[in-house]
Amino acid sequence: MNIDVITLFPEIVQGFFTNSIMKRAVDSGKISYNLIDFRNFATDKHHKCDDSPYGGGAGMVLKPKPLCDALESVGAKEKRVIFASPSGKKLTQSLSEELSKEDNLVFICGHYEGIDQRVIDLYVDDEISIGDYVISSGEVSSLVIIDSVYRLVDGVISSESLEEESFSDGLLEYPQYTRPEIYEDMRVPSVLLNGNHKDIKDWRLEKRLRKTLSNRPDLLEEKSLDLKSQKTLQKIRNTAKRT
Ligand SMILES: C[S@@+](CC[C@H](N)C(=O)[O-])C[C@H]1O[C@@H](n2cnc3c(N)ncnc32)[C@H](O)[C@@H]1O
């Protein structure tokens, strides 16, 4: 997958592509990327990329011409273009899965009050929100989307690691433990030490269901559970009623 990021602040984005798992994905050729500083497309003397909003109001809006010229330079009309925005549709694991199948993604990073609507009308395929709150930088929100997508590209992370993650089958993840066995008088649950894979699997399923029931009951309503999960959930609910 190739990822183009159109931004006024390439330094904010660069570090993500040159560290950790993303670095490995880039080094192995599974991901390539291109950071485009659209200030380079502003032709006036001061390379001005923002201006005050028509109709009045606070803040500055990113001008259409430098952004559109930057988009043309990466052939954006032939690619799937994403604008991270609080007024977009919400990012979900299934949307990330869908985007991970694309060969090319282009991200436009908003800043200040946002970008001129005509850029969206001309180029944007998906306006995506990372949640119901406002942050100051489209670089950060684009990176959230990029991070949730690239790790699902074939071969970037082992499929085993992705299998039991939160949301993978509509449930949240079970608790994880590593060495030492005892920390601050707290022991790792003994079931994880006995090597019985069936017991471990049952324990993890129960923990996933309990956590989902407690933190995100809405997920249990959205997804149809398999028979084993339904029975375990019923048991958890019955026990809760009795106590
Ligand atoms: C200060 S925000 C602009 C907010 C905009 N005036 C509004 O009220 O919707 C600057 C940029 O941060 C990014 N951003 C802020 N919150 C976001 C969110 N929840 N999801 C995705 N991007 C967000 C967008 O790229 C946005 O253009």
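Predicted model: local features only at pLDDT ≥ 70, side-chain atom pairs only at ≥ 80, totals over all residues.
Setting aside neighbours within four places in sequence, D199 is in contact with V191 and N194. D199 belongs to helix 8. Its relative accessible area is 32%, so D199 counts as partly exposed. A distance gives a further reference point for this residue: Y133 is 66 residues away from D199 along the chain, and the C-alpha atoms of the two are separated by 41 Å.

Helix 8, where D199 is found, also takes part in a helix pair. Helix 8 covers residues 197–215 and helix 10 covers residues 227–242; their axes come within 10 Å and cross at roughly 60°. The crossing of helix 8 and helix 10 is right-handed. On the side of helix 8, the contact is made by D202, L205, E206, L209, R210 and L213. On the side of helix 10, K228, S229, T232, L233, I236 and R237 make the contact. By residue class, the contact of helix 8 with helix 10 divides into 5 nonpolar, 2 polar and 5 charged residues.

From helix 1, the residues I12, V13, F16 and F17 take part, and they meet E139, L143, I146, D147 and Y150 of helix 6. The contact of helix 1 with helix 6 consists of 7 nonpolar residues, no polar ones and 2 charged ones.

The next stop is strand 1, which spans residues 2–7 and contains D4. Is D4 buried or exposed? With a relative accessibility of 1%, D4 counts as buried, because the limit for that class is under 20%. The surroundings of D4 can be listed by residue. Not counting residues up to four places away in sequence, D4 touches N34, I36, V74, K79, L105, V106 and F107. With one of these residues, N34, there is a polar contact between side chains, at 3.1 Å.

Strand 2 covers residues 32–37, and the loop between strand 2 and strand 3 (50–51) holds H46. The relative accessibility of H46 is 63%, so this residue counts as exposed. H46 and K79 are 33 residues apart in sequence, and their C-alpha atoms are 30 Å apart in space.

Which residues surround Y174, leaving aside neighbours within four places in sequence? They are E164, R204, K207 and R208. Of these contacts, R204, K207 and R208 lie within the range of helix 8, residues 197–215. The relative accessibility of Y174 is 8%, and Y174 is therefore counted as buried. K198 lies 24 residues from Y174 in sequence, and the two are 15 Å apart from C-alpha to C-alpha.

P180 lies in the loop between helix 7 and strand 8 as well. The peptide bond from R179 to P180 is cis, and its omega is near 5°. Two backbone angles in the following loop also call for attention. E184 lies in the loop between strand 8 and strand 9 (186–187), and D185 is placed in the loop between those strands too. The phi of E184 is near 50°, a positive value in a residue other than glycine. D185 likewise has a positive phi, about 65°, although it is not a glycine.

E184 has a relative accessibility of 61% and so counts as exposed. D185 is exposed as well, with a relative accessible area of 76%.

Conventions. Residues numbered from 1 in each chain as written. Heavy atoms only, no water. Contact = heavy atoms within 4.5 Å. Helix = DSSP H or I, 4+ residues; strand = E, 2+ residues; numbered from the N terminus. Nonpolar A, V, L, I, M, F, W, Y, C, P; charged D, E, K, R; others polar. Buried < 20%, exposed > 50% of the residue type's maximum accessible area, 1.4 Å probe, protein only. Polar contact = N/O pair within 3.5 Å; in protein donor to acceptor, adjacent residues only side chain to side chain. Axes fitted to C-alpha atoms, helices over the stretch in contact; angles between N-to-C directions. Left-handed = near helix turned anticlockwise from the far one by under 90°.
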